[in-house]
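Hi,

Here is the model I promised to pass on. Have a look at it first, and my notes follow below.

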Amino acid sequence: MMEKASKAPGRVKEIDSPSNPIIKELKGLEKKRVRTETNSFFVEGHKLVLDALDGGWTVRTLIVAKNAAGENRVIELISRCVAQGVDVLLVSNKALTSLTRRDNPQMVCAVVSQKLGSKADVLDTTGTWVALDRVRDPGNLGTIIRTADALGASGIILVGDTTDPYATETVRATMGSIFANPIVAIDEPAFLDLASQFNGRIVGTHLEGSVDFRVPDYSTHPTILLMGNEQAGLTDDLVGACDHLVRIPQAGTADSLNLAVATAICLFKAREHGLAAVGEDLS
């Protein structure tokens, strides 16, 4: 079921039992190893499946609860998928619950092919990319992907040993933005090589940064906004690759901000600068 769909019309199959071999195979996508080997991931919700299709991503299998298959919007989605060669599984609520591990699962799910960007995407940019050093929390990563989409970032760079952007918890937290912007995954040496070729500035956040994050003019150059690991911050080599080290001033007793919150604050300022440069504002 996880092979790339052919151009022939998709097939429709009914499944009732959670122990069906096809259901067991799909449940394997809970594991990163299986997602990597099959180059696919699991998506939950009618909106996210539509986002994948509309964004040009390859949907391999559509899974629909039998009791939702008669809804007009679901009928349209099934027809669209079948026409594109996507196999459709009509499953019982019990089988669907076993896939989503939720008592109240989404009635529409799908298996989608992974799609990662490349270093060339970053080097060709004229905007702002967010680079995340060893981000480990899937909820944080999903929130950052969603925020980057909302604030007009060019994409996300995952540096080093990071959580899987295609883990179910991450995909849920993106609310569909996983399909909006490219994600580039590289190790630290590859990022340092990219930084040496980047025709712009690299702005890293650091607790000991000497510059207020509002000071750099993000509108005058392509920018990589480099955010440190949640616990350890940026490595020394990554610090050395930065053109500016910035900090977010804090008035309370907390020694740091949540990574997703800090990224949102910095991205908002970068977008504000960019809009101001063309005579717009955020209101």
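The protein chain has 11 helices and 12 strands, where helices (H or I, at least four residues) and strands (E, at least two) are DSSP runs numbered from the N terminus. Keep in mind that this is a predicted model, so local features need pLDDT of at least 70 and side-chain atom pairs count only at pLDDT 80 or more, while totals for chains, interfaces and linings use all residues. Residues are numbered from 1 along each chain as its sequence is written, and side-chain values use heavy atoms, with hydrogens and water left out.

Overall shape, then. The C-alpha trace spans about 60 × 40 × 35 Å along its principal axes. Of the 283 residues, 50% count as buried. Here buried means under 20% relative accessible area, exposed over 50%, and partly exposed in between (1.4 Å probe, protein chains only).

As for contacts (heavy atoms within 4.5 Å), 80% of those between residues at least 6 apart in sequence join residues at least 24 apart. The chain exposes about 13,400 Å², and carbon and sulfur atoms supply 48% of that; areas come from the Shrake-Rupley method with a 1.4 Å probe, and for residues only the protein chains shown count as cover.

Now the charges. There are 29 positive and 35 negative side chains, and the centres of the two sets lie 8 Å apart. Lys and Arg count as positive and Asp and Glu as negative, with His and the chain ends not counted; each charge is placed at NZ of Lys, CZ of Arg, CG of Asp or CD of Glu. The whole structure holds 12 salt bridges, meaning a side-chain nitrogen of Lys or Arg within 4 Å of a carboxyl oxygen of Asp or Glu.

Three of them I looked at one by one:

- Glu 14 meets Lys 66 at 3.2 Å, N to O. This pair links distant parts of the chain, 52 residues apart: Glu 14 is in strand S1 (residues 12-15), and Lys 66 is in the loop between strand S3 (59-65) and helix H4 (72-83). Glu 14 is exposed at 55% relative accessibility, while Lys 66 is partly exposed at 30%.
- Arg 172 pairs with Glu 44, the closest N and O atoms being 2.9 Å apart. Arg 172 lies in helix H8 (residues 168-174) and Glu 44 in strand S2 (residues 40-44), so the bridge ties together parts that are 128 residues apart in sequence. Glu 44 is buried, with a relative accessible area of 9%, whereas Arg 172 is partly exposed at 29%.
- Asp 51 and Lys 47 come together at 2.6 Å, N to O. They are four residues apart in helix H3 (residues 46-54), which means about one helical turn separates them. Both count as partly exposed, Asp 51 at 23% and Lys 47 at 48%.

After H3 comes Gly 56, with a positive phi near 85°.

Cheers
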